[in-house]
Structures are given as C-alpha cells and as structure tokens.
Amino acid sequence: MSLATSENTATIFLTAGGSFSWDIPASEDLPISNVKVSVVTDPVDAPSWDVKITDNGSGWDNYTGKQTGEFHPLITHESKFTLKLTCPRGARYDDKVTVNLIISSNERMREISYSAVATPSIVALKTRIGQEKDVAKSLYNIFRKESKESREDTYIVDSTTFTEDECKHHDVYSVLCPAGLSGYVFVEGMNTDRMREKTKGIKKARSFVDGETDVNEIEHYLTPLSPVIGIAEGDIVELINGPFKGEKARVFKIDKEREEITVELIEAMVPIPVTVTGESVKLIEKEK
C-alpha cells in the first residue's frame, strides 16, 4: 500500500480487499454543517468500491448503490469525521474510485477529493521442496492457456508477465521462482481468491501463506547475482566451457566489475594466466 497527497487531493493504492481511512478534521474556526458526497469510478463499469463516512452520530455509505448524497455531521470544530474506502475483491488492474467532498461550514465551503487505485498483490505459495520450478511452470501454463482462450492478442509465448493493457483482463500477471529459495513460489495478481482457486489442481503446490508479500521483501531475488560471488583468489575451479573446458585451474585474480576471473591451469607445464568470464568456471575447492 502506498499513499500520495497534495493540498486538496489524496490518493491511496490498495490491493483487492484492502481498506484505508482518512480522518477529515472540521474547519479550524467553524464547525462543519453539511457534507455533499459524490463517488466516481473509473472505468464506469468497474466493480463498486465500498465508501463509508462516519462521525459521532451520523454518516453516509454507498452500500445500496447510490453514488451521491449528503449528510450533516454532529461534530464541533474540535472534532473530525472519517472516510473509509475498501477495494473490491473483484477489482481489475488500475481500477480507480474518487470520492469528491464539498464541505460547508456556515458561509464557507471547501472541496476535497480522495482517490484509491487498485494495485496487484504479491503472495507466497508453498510447494513441495525441490518442486518449485515445476509448480511455477504449471501456473504459467494455466495463465497462458487462459490468455489465449480469452483474447488471441493476449497470448504470451515466452514471457511470464503481461503488458499493462493485458493486465486488465487477467487475475495473475507474473510468477517468480527464486533460485536458492526452497519450498516457495511468488505469484503476483489482482484477485487473491481466484489465484487460490487456480492452484488447487496443481498436485505439487500446497497452500498460500497468509497475508501479502511486500516487493521490498523479494527485491533481492530480482537482481541477478554476480557469477564471481563466492569465488576467491587461490580457489580451485573447473573450466566448464571454452577451449580449456574440463581443465582444473587455480584462481589468480578476480575482476568483480567485469565479472571476469583470471586463472592458471594446474596441469599446464608453464603457468600461463587465462582470463575467462565468471560463468565459465565451477568452484571445486576453496583455498585452504
């Protein structure tokens, strides 16, 4: 969830089912006498957001489908009322609601707008240990098949993500299977209920972890690790490609910026330094 504000507007980004509340204070010098409310969704056919305004003795909501109204808060200049927005479970990518308030205080009047935008969730799916890639591939195949059946122009062949326009028509946008993380796959999408339904037929998938995962928690998985990490000068490595494939060598120098390693072949009669990329070696033995 994130929030953006300015003097007369405030925007919150919510995942499906999420809520956020604003406390709206009365005028600094006069109590509020009347509040007019207008609710606008974008696009117009977007699922209805729950809008609720409450104070000590009155309020307003759109539970019956009404999009405009007004109420008279029973508050003083030291009080406040609360506006709460809840994103619908069936929200689509980038659906938006705006609540416009015209607040009257005797002869004074001010207008404030509060907006909320639907944004995807990231959830962790438990899998059998060692079966993470199989589960990720099964999920991808399910989503790719649905994409082809729903609209031919959204059929993705070699990508695990959808474009921004295509996201409006799907529940799941990406599947992440991090190297080095056992027993979990991360799934990004809008409707977590439908995401759970789609995994029930995958035998190697277990259950979703309660709650959502923040992108900051998995950001390090999105950055490829340097192939020279974990290798030090003096280590014994095996060359796995190139003209010296299969030869053993001792690491002589490491260039971390270029991700290159200079080695000396162990069985060579004359030790000649050879520089290769980090992907060209496999660590065999650490320096003693």
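Analyst: Strand E12 and strand E13, the latter covering residues 184-189, pair in the antiparallel sense over four bridges. Here two strands are said to pair if DSSP finds at least two bridges between them. Strands are DSSP runs of type E with at least two residues, helices are runs of type H or I with at least four residues, and both are numbered from the N terminus. Within this pairing, Val 175 stands opposite Val 187 in E13.

The model is predicted, and local features therefore need pLDDT of at least 70, side-chain atom pairs count only at pLDDT 80 or more, and totals for chains, interfaces and linings use all residues. Residues are numbered from 1 along each chain as its sequence is written, and side-chain values use heavy atoms, with hydrogens and water left out.

The pair E12 and E13 belongs to an open sheet of four strands, whose order is E12-E13-E11-E14 with antiparallel pairing. Its edges are strand E12 (172-176) and strand E14 (205-208), each of which pairs on one side only. From one strand to the next, the twist averages 30 degrees. Such angles are taken between axes, which are lines fitted to C-alpha atoms (for helices over the stretch in contact), and run from 0 to 180 degrees between N-to-C directions.

Another open sheet of four strands has the order E3-E8-E5-E6, also with antiparallel pairing. Its edge strands are E3 and strand E6 (59-61), and each pairs on one side only. On average, and with direction ignored, neighbouring strands of this sheet are turned by 10 degrees against each other.

In this sheet, strand E8 (residues 80-86) pairs in the antiparallel sense with strand E3 (residues 19-25) over seven bridges. Ile 24 has Phe 81 as its bridge partner in E8, and Ser 21 stands opposite Lys 84 in E8. Strand E5 (residues 50-54) also pairs with E8 in the antiparallel sense, over five bridges. There, the bridge partner of Val 51 in E8 is Leu 85.

The loop between strand E2 (9-14) and E3 holds Thr 15. Is Thr 15 buried or exposed? Thr 15 is buried, because its relative accessible area is 14%. The class buried means under 20% relative accessible area, exposed means over 50%, and partly exposed lies in between, with a 1.4 Å probe and protein chains only. The side chain of Thr 15 makes a polar contact of 2.9 Å with the side chain of Glu 212. A polar contact is a pair of N or O atoms within 3.5 Å; within protein, one must be able to donate a hydrogen and the other to accept it, and residues adjacent in sequence count only if both atoms are side-chain atoms. Leaving aside neighbours within four places in sequence, Thr 15 is in contact (heavy atoms within 4.5 Å) with Cys 87, Thr 119, Pro 120, Ser 121 and Glu 212.

Cys 87 counts as buried, because its relative accessibility is 2%. Cys 177, at 26% relative accessibility, therefore counts as partly exposed. A search of the whole structure finds zero disulfides, a disulfide being a pair of cysteine sulfur atoms within 2.5 Å.

Asp 42 and Pro 43 are joined by a cis peptide bond, with omega at about 0 degrees, and Pro 43 is found in the loop between strand E4 (34-42) and E5. Asp 94 lies in the loop between E8 and strand E9 (96-105). Although Asp 94 is not a glycine, its phi is positive, at about 70 degrees. Its relative accessibility is 35%, so Asp 94 counts as partly exposed. Glu 259, in the loop between strand E16 (248-255) and strand E17 (260-265), is likewise not a glycine and has a positive phi of about 55 degrees. Glu 259 counts as partly exposed, because its relative accessibility is 30%.

As for the chain as a whole, its secondary structure comes to four helices and 19 strands. Of its 288 residues, 39% count as buried. Among contacts between residues at least 6 apart in sequence, 61% join residues at least 24 apart. The accessible surface of the chain comes to about 16900 Å², and 49% of that belongs to carbon and sulfur atoms. Accessible areas come from the Shrake-Rupley method with a 1.4 Å probe; for residues, only the protein chains shown count as cover.
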